[in-house]
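Dear colleague,

Here is the structure I promised to pass on. My notes follow below it.

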Amino acid sequence: MEFKPMSGREFPRFSAIKTFFRLPVASLQDDFDIGLIGVPFDGGVSYRPGARFAPTRVREVSALGRGYNWSRGENVFERLRVADLGDCSTVPIDMKQTYEKIEAYFTSVLKAGKRFVAVGGDHSTTLPILRAVRKHVGKPISLIHFDAHLDTYPAAWGQEYHHGSFARHAVEEGLIDAKSSWQFGLRGPLAGGEDLDFVKKHGLNSTTVDDIRIGGLEAFLKKIPAFDGPTYITYDIDCLDPAYAPGTGTPVPGGLTTYEVQRIFRALKIKNLVGCDTVELSPPYDHVDITAMAVVDAVFEMLCLFKK
Ligand code: MN
Ligand code: MN
C-alpha cells in the first residue's frame, strides 16, 4: 500500500470518504511509520463538553491539509508513511473502562513498532497514553505540554481523573521526568497562587505567554533546550487565544497565536519523538471550523517533527 494522501485532482478535496489528511486507512500490521488515531472521549470535562466529536471533525477539516512544509522545505508525506488507524474504542459513560481501553490500545501500537499522533478527546485521555508510553520506553519521558492550564489540579468532586489533572498524575506516577519537561502557553487566572506549588516543587519548566511576549519570541525560542531522551508532545488547543480557538472546553483569554505555536514547533529539537496528541477541540463550540483548522495545522507540524 502507498501511504500518500489521495489526489485532489482525482477526487477534489470536498469529495471522497473522510480520513485524516485523506490518507489511507491501515491496520497495525501494515508497513507505515506514523499512525493517526482518534480518541473520542470527553467524560473528563468539567465545563463545556463536545470533544468526543473532535476526531470526526478533524478528519473532515483535514481534507484541506497539505503536506509541504515551506519552513522546512520538505513534504512530510514524501518522507514518512502516515496512515489513519481509525478510532481507539472508548466507553462514553465510564472513565475507568476508557482508560483501560486507551492504555491497551496504545500499548499495542507501540508494540507494533509504530509512532502516532492521537486526536482526542479531552485532556484526561493523555494519561493512559502516557502510561503505555512509559511502560514501552522503560523510563520517565520528557513531556512537551502546550496548554493555558497547568493540568496539575487536585481531585474534583472526589474524582482524581479529569481533564485538569493529567500532568499531576503523570509526575506522581513517574511517567514523566518533570525537570526535562516543558509547558508552553500558560496563563491565569488561577484559583490561587498555591496552584503553582506543584510545578515549582517538581521543577517543571512552566512558561507563560508573558515569557514569550515580554522578551520576544526569538529570544524565547533560543531558551528551549534540545530533547535528547524519549519525548512526548501533548497539545491542548486552549493554549491558543480564544480568538484563534474558540471551540474548546475551557477557553482562557490572552493566549498564544497560531503563528507563535508554529514557531515553537519549528524550533523544537527532538531526537526521539515517541508520540503526540492534540486534545480539547470541542466542535459544537467551534465557529466556521476555525479551531478545527488550528488542530489540523498542529497535527501537521507535529508530524514534521518525527524522524524517519
Ligand atoms: Mn489541558
Ligand atoms: Mn487547557
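Phe146 is buried, at 0% relative accessibility; buried means under 20% relative accessible area, exposed over 50%, and partly exposed in between, with a 1.4 Å probe and protein chains only. Phe146 sits in strand S6. Strands (E, at least two residues) and helices (H or I, at least four) are DSSP runs, numbered from the N terminus. Leaving aside neighbours within four places in sequence, Phe146 is in contact with Phe184, Ile233, Thr234, Tyr235, Asp236, Cys239, Ile264 and Phe265. Contact means heavy atoms within 4.5 Å. Val261 is 115 residues from Phe146 in sequence, yet their C-alpha atoms are 8.8 Å apart.

Some ground rules. This is a predicted model, in which local features need pLDDT of at least 70, side-chain atom pairs count only at pLDDT 80 or more, and totals for chains, interfaces and linings use all residues. Residues are numbered from 1 along each chain as its sequence is written, chains are lettered from A and ligands numbered from 1 in the order in which they are written, and side-chain values use heavy atoms, with hydrogens and water left out.

Now the metals. Which residues hold the manganese ion (ligand 1) as protein donors? They are His123 (ND1), Asp147 (OD), Asp151 (OD) and Asp236 (OD), at 2.0 to 2.2 Å. Donors are N, O and S atoms within 2.8 Å of the metal (3.2 Å for Na, K and Ca); water is not among the atoms, so sites may look incomplete. The sequence spacing of these donor residues is H-x23-D-x3-D-x84-D. The pair Asp151 and Asp236 links distant parts of the chain. Asp151 is in the loop between S6 and H5, Asp236 is in strand S9, and 85 residues separate them.

What bridges the two manganese ions? Asp147 does, and the ions lie 3.2 Å apart.

Are these aspartates buried or exposed? Asp147 is buried, with a relative accessible area of 0%. Asp236 counts as buried at 1%. Asp151 counts as buried at 2%.

Phe21 lies in the segment before strand S1 (34-39). Phe21 counts as buried, at 2% relative accessibility.

Two cis peptide bonds to check. One runs from Gly120 to Gly121, with omega near 20°. Gly121 is in the loop between S5 and helix H4 (126-137). Another runs from Gly188 to Pro189, with omega near 0°. Pro189 is in the loop between strand S7 (182-186) and helix H6 (197-202).

Next, strand S5 (residues 115-120), where Val117 is found. Val117 counts as buried, at 0% relative accessibility. Beyond four places in sequence, Val117 is in contact with Ile34, Gly35, Leu36, Ile37, Cys276, Val299, Met302, Leu303 and Phe306.

On to helix packing. The axes of H1 (residues 54-61) and H10 (residues 290-304) come within 9 Å and cross at roughly 80°. H1 is therefore roughly perpendicular to H10. Axes are lines fitted to C-alpha atoms, for helices over the stretch in contact, and angles run from 0 to 180 degrees between N-to-C directions. Angles under 35 degrees count as roughly parallel, over 145 as roughly antiparallel, 65 to 115 as roughly perpendicular and the rest as oblique. Arg57, Val58 and Val61 in H1 meet Ala292, Met293, Val295 and Val296 in H10.

Last, Thr257, in the loop between S9 and helix H9 (258-267). Thr257 counts as buried, at 17% relative accessibility. A polar atom of the Thr257 side chain lies 3.0 Å from the backbone nitrogen of Glu260.

Best wishes

Notes: Polar contact = N/O pair within 3.5 Å; in protein donor to acceptor, adjacent residues only side chain to side chain.
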